[in-house]
Amino acid sequence: MDFERIKPHLPWITLLALVALVGISDTNFLRPQNLISMAADIVPLFIMAMGMTFVIYIGGIDLSAQSMANMTTVIATVALASFGIGAALICIAIGAIMGAISGFVTTKLLVPSFVSTLAIGGVVFSIGQWLSGQRALYMDATLRDNAFGWMVGNTAGIPHEIFIGTVLVLAGWFLQTRTTFGRALKAIGAGEPAAAASGINVTRIKIMAFALSGGLAAIAGLLFAVKLSGGSPTIANGFLLPAIVAVLVGGTPLTGGVGGVINTMIGTLIVAVIRSSMLYFEIDATRQQMVFGIILIVAIAATIDRSKLRVVK
Amino acid sequence: MYELKAIDKKFPGVHALKAVDFKIGRGEIVGLVGENGAGKSTLMKVIYGAYKPDGGTVTIDGTAVRFQNPRQAMDHGIGMVFQEQSLITNLTVMENIFLGFEQQFVKFGVINWKTMAAAAKAQLAKVKLDIDPATITANLSFAQRQLVELAKVLTLEERIDGDLVILLDEPTSVLAKEEVELLFKLVRELTNRASFIFVSHRMDEVLELSDRVYVMKDGAVVDVVTRDAANIDAIQHKMVGRDIDKEYYREQWQKPYGDEVLVSFGNVSLNGRYKDISFDLHRGEVLCLVGTEGSGREAILRTVFGLDKPDTGTVTIKGEPVTRFHARGGVERGIGYVPRERKVEGIVAGMNVYENMTLSQMGNYASGGVLRISEEKDMARSWIDRLGIKTPNVYKDCGGLSGGNQQKVVLAKWRSGGSDIILLDHPTRGLDIGAKEDVYDMVREMCDDGVGIILVADTLEEAIGLSHSILVLKDGEMQKRFDGTPGDKPSLYDLVHHMI
């Protein structure tokens, strides 16, 4: 059995192996209650990673996701007072517009996406700082519960975040596999010159992918704000690296064209298990980013499609 | 003595070399002939270290060697003069000659340009080229560049103690008659130091220069003949495996074309690419653009497809003047493009058969952006039957199909979408004989269906055999138009005469 044939199955095998490993060393880990709350905690990260999946799927990257979520927590908190549930729409629209700007800069001004999204990330981070006056803001409890209480409740012992995550992953999966947009994304990721020669509007599809990523990062930020009942321009710091790790260990390589949202769901769960296992193995929280940094390098080195790379700069 | 024994090389879906034996002695000139796809270039790549063989042995003077890369082959005295020239055109001649070997001119970390220039001058003298080594390569003619390539390879003389083996890949294809003779004279003189492997599809040249000729077909050496015993017709017969006849290009199927004009060029010019081009493409017509690389053939295709806006002149597609040029224009006007780089621009590897076939027309298989996938599959199945595409099912990744079947998928993509103007850019490149014949069959079928085809052929024989009309281009200008009526087709000589 050669590696190329196992490769697509590696993510879920890794996930099961990790769960088994942690479960053996501490059986408490395997209690359903624990697994459910672990999954619920990871949903905001998953939403951000899922958005990023669309961009990585076409061979780009979105480094603005974390700043986008940061800014959204502030906007959501500020907008809640006047717009109620409408604040959600405002957040998502702003996220999508900023994402589309990244896409425009990448495709029209030919700035590589790691630079364009880093730059737009700087812009949205500043907007968050400016709007918040660099302070943590708090939501009015009644207003929050009226508008967004449904996001964080519990039904039959299952936290509502899990439902939100499930609905989004199903929608993302439908978009990816059943629509012309998803097909075009795949074609661009797997063979952009052929997609262009077949008359696909590559520029438009790419801008849409970046907008989608921005919009989903905003939803992630909104969920943060609701869960923590407030916003701050640094609240989501430390999420960018795990989000990228989730996409890549899930099996969507930086070269794009394969993988997708289901892969990212598995990848996010891998991240969640690694994170909780660090608690079980008493690894200091300050070392988390170090662990994710190393995993990221290993995951990229193992999954990248070298036949698509001529020169790495 | 350089010797290959039982060399085998496989690629996915292609057995490129089958137990090839090959040897070349000191000072010998050996010819290598075969049709496109016979395995000549694969064999060359094994010889100069770009490919590692899957089986067999390579020996130099009885010692077994195994090259990991071309650099190691060079260290053993094996050099390659590339057909598609390998010089970097924005560097000077001397920088190109010593590219990768500048170390010998470095003192205290700085290149001594004077000694490099002098050394380059000495190399250029070997090929009797009297130019300033500091000339930017882009300013040289093709023939001069070919000689610079040779001079570059000849630097091996100083670096290597033993004998040299120099590969010449189609060195004459861009040269004029006198230049070819000069090159041959030079090669003969150099045999005191080097032996040469000469690859060409011009049989007369091969026989004129070579002491022995290896004939390849379908990845195997089918004959080795000495010059004295050689006979052009016999070699050609061995190469093709049958007489080259009209049957091959389906000339008996060729029918007169219709009246309706699909594409019309009226004095169209694009600065630096082509000048004052006029032609009409009719329904059911195969129109071939013939010329050397850079003669403007591909640039004209790009303009027809709607990519490059010409500076002057009028382009009319199906009676409508084209004013807006952008990447999707061609597809919207019903033009299908079968590119030379099949794996890059033709199919999307990683997508399956039906996904590839509907890529240019997803809108026809979707409602409100949601795909009707079962309809896609039905369409794909019917085209798999119609074109005889060999694939286990519609879910097969196109990257895993053979070249011929990939080409059929690309054609099915355009045909199923109703394209009635098809641009074929080297449609048979890299295909084996059977797959080529399938492509020729499809060309005739498309003509019967009223499709108009603009062809840039892989060989001149193909151009002549398939076409109703042939336009010969040189340096972006139209030299001559030939009618390709069956039985009254122009000869190779007629075309080449106007090409260079």
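**Two chains, questioned**

Student: How many of the residues of chain B count as buried?

Tutor: Of its 500 residues, 46% count as buried. Keep in mind that this is a predicted model.

Student: What makes a residue such as B:I29 buried?

Tutor: The cut-off is 20 or more other C-beta atoms within 10 Å. B:I29 has 24 within that distance, so B:I29 is buried. The residue sits in strand β3 (residues 29-33) of chain B.

Student: Which residues does B:I29 touch, leaving out those up to four places away in sequence?

Tutor: They are B:V187, B:T191, B:S195, B:F196, B:F198, B:L209, B:S210 and B:D211. As for B:T135, that residue is 106 residues from B:I29 in sequence and 32 Å from B:I29 in space, C-alpha to C-alpha.

Student: What is the secondary structure of chain B?

Tutor: Chain B has 18 helices and 24 strands.

Student: Why is chain B called as compact as a globular protein of its length?

Tutor: The globule rule gives 23 Å for 500 residues, and the radius of gyration of chain B is 25 Å. The two values are close, so the description holds. Along the principal axes, the C-alpha atoms of chain B fill a box of roughly 70 × 50 × 50 Å.

Student: How do you know that the radius of gyration of chain A agrees with a compact globule?

Tutor: A compact globule of 313 residues would have a radius of gyration near 20 Å. Chain A has 19 Å, which agrees. The C-alpha trace of chain A spans about 55 × 50 × 35 Å along its principal axes.

Student: How do you know that the end-to-end distance of helix α2 of chain A agrees with its number of residues?

Tutor: Helix α2 (residues 10-25) has 16 residues, and at 1.5 Å a residue they should span 22 Å. The C-alpha atoms at its ends are 22 Å apart, which agrees.

Student: Which residues of α2(A) are buried, and what puts them on the same side?

Tutor: The buried residues are A:P11, A:L15 and A:V22. They cover an arc of only 45 degrees around the axis, so they lie on the same side of α2(A). An α-helix has 3.6 residues a turn, so residues three or four places apart point the same way. Among the elements covering the buried residues of α2(A) are α11 (240-250) and α12 (261-280) of chain A. On the other side of α2(A), the exposed residues are A:I13, A:L16, A:A20, A:L21 and A:I24.

Student: How many residues of chain A are in contact with chain B?

Tutor: 20 residues of chain A are in contact with 23 residues of chain B. Helix α9 (residues 180-197) of chain A gives the most to chain A's side, with 12 residues. The residues on that side divide into 10 nonpolar, seven polar and three charged.

Definitions and conventions: Residues are numbered from 1 along each chain as its sequence is written. Chains are lettered from A and ligands numbered from 1 in the order in which they are written. This is a predicted model: local features need pLDDT of at least 70, side-chain atom pairs count only at pLDDT 80 or more; totals for chains, interfaces and linings use all residues. Helices (H or I, at least four residues) and strands (E, at least two) are DSSP runs, numbered from the N terminus. The expected span of a helix is 1.5 Å times one less than its number of residues. A residue is buried if 20 or more other C-beta atoms lie within 10 Å of its own, exposed if 12 or fewer, and partly exposed in between; C-beta atoms are placed from the backbone. The arc is that of the directions from the helix axis to the C-beta atoms. Two residues are in contact if their C-beta atoms, placed from the backbone, lie within 7 Å. Ala, Val, Leu, Ile, Met, Phe, Trp, Tyr, Cys and Pro count as nonpolar, Asp, Glu, Lys and Arg as charged, and the others, Gly among them, as polar. The radius of gyration is taken over C-alpha atoms; the globule rule is 2.2 Å times the number of residues to the power 0.38.
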